[in-house]
Amino acid sequence: MDNEREEGIGEIQIANEVVAAIAGISASEIEGVETISGGMKNELVGKFGTKKNAKGVKVVVNDNEAEVDIAITMKYGYSIPEASAKVQDRVAQAINEMTGLNCSRVNVTIAGVDLPKD
């Protein structure tokens, strides 16, 4: 379902996939996050289209409010609670700034930890 609003002289539609891509890219910018949904390296995130960036992210938009579920793999040695809180803050801020939607919830699932290779 797309987010639709009347603005000025016409209608603005933001596809949920776009909101999901914003969430995925912004989460990958947080130090300690290795991948989104266990397959997309941080340095590769910005080089793909929106469907790839949205992998591992679910977005529901209702009445100008977005709820986000995002699965991440952490780098070993980082504080999971601290990094998760930063992901929540960054994702909500990015969605609000780029779309004008109020991000009411950002649920973070830790899908794994990337262990160092000896």
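Me: Two strands pair if DSSP finds at least two bridges between them. How many bridges join strand 5 to strand 6?

Reply: In this predicted model, six bridges join strand 5 to strand 6. The cut-off is at least two, so strand 5 and strand 6 count as a pair. The two strands run antiparallel. Lysine 58 stands opposite aspartate 69, which lies in strand 6. The hairpin of these strands has two residues between them, and aspartate 63 there takes a positive phi near 50°.

Me: What do the side chains do along strand 5?

Reply: They alternate along residues 57-62. Val57, Val59 and Val61 point to one face and are buried.

Me: Why does serine 84 count as buried?

Reply: Serine 84 has a relative accessibility of 12%. Buried means under 20%, so serine 84 falls on the buried side of that limit. The residue sits in helix 3. Apart from neighbours within four places in sequence, serine 84 is in contact with Val108 and Ile110. In the chain of 118 residues, 36% are buried.

Me: Which residues meet where helix 1 and helix 3 pack?

Reply: From helix 1 come Val19, Ile22, Ala23, Ser26 and Ala27. Those they meet in helix 3 include Val87, Val91 and Ile95.

Me: Which residues touch the most other members of the largest nonpolar core?

Reply: They are Val57, Val68, Ile70, Val87, Val91 and Ile95, out of 25 residues in that core. Helix 1, strand 3, strand 5, strand 6, helix 3 and strand 7 each supply at least two residues of the core. Valine 68, residues up to four places away in sequence not counted, touches Val57, Val91 and Ile95, among others. In soluble globular proteins, nonpolar side chains tend to be buried together.

Me: What pattern does the chain follow along the sequence?

Reply: The pattern is β-β-α-β-β-α-β-β-α-β, with three helices and seven strands. Of the contacts with a separation of 6 or more, 65% join residues 24 or more positions apart.

Methods
Residues are numbered from 1 along each chain as its sequence is written. This is a predicted model: local features need pLDDT of at least 70, side-chain atom pairs count only at pLDDT 80 or more; totals for chains, interfaces and linings use all residues. Side-chain values use heavy atoms; hydrogens and water are left out. Buried means under 20% relative accessible area, exposed over 50%, partly exposed in between (1.4 Å probe, protein chains only). Helices (H or I, at least four residues) and strands (E, at least two) are DSSP runs, numbered from the N terminus. A nonpolar core is a set of buried Ala, Val, Leu, Ile, Met, Phe, Trp, Tyr and Cys residues joined through side-chain atoms within 4.5 Å. Contact means heavy atoms within 4.5 Å.
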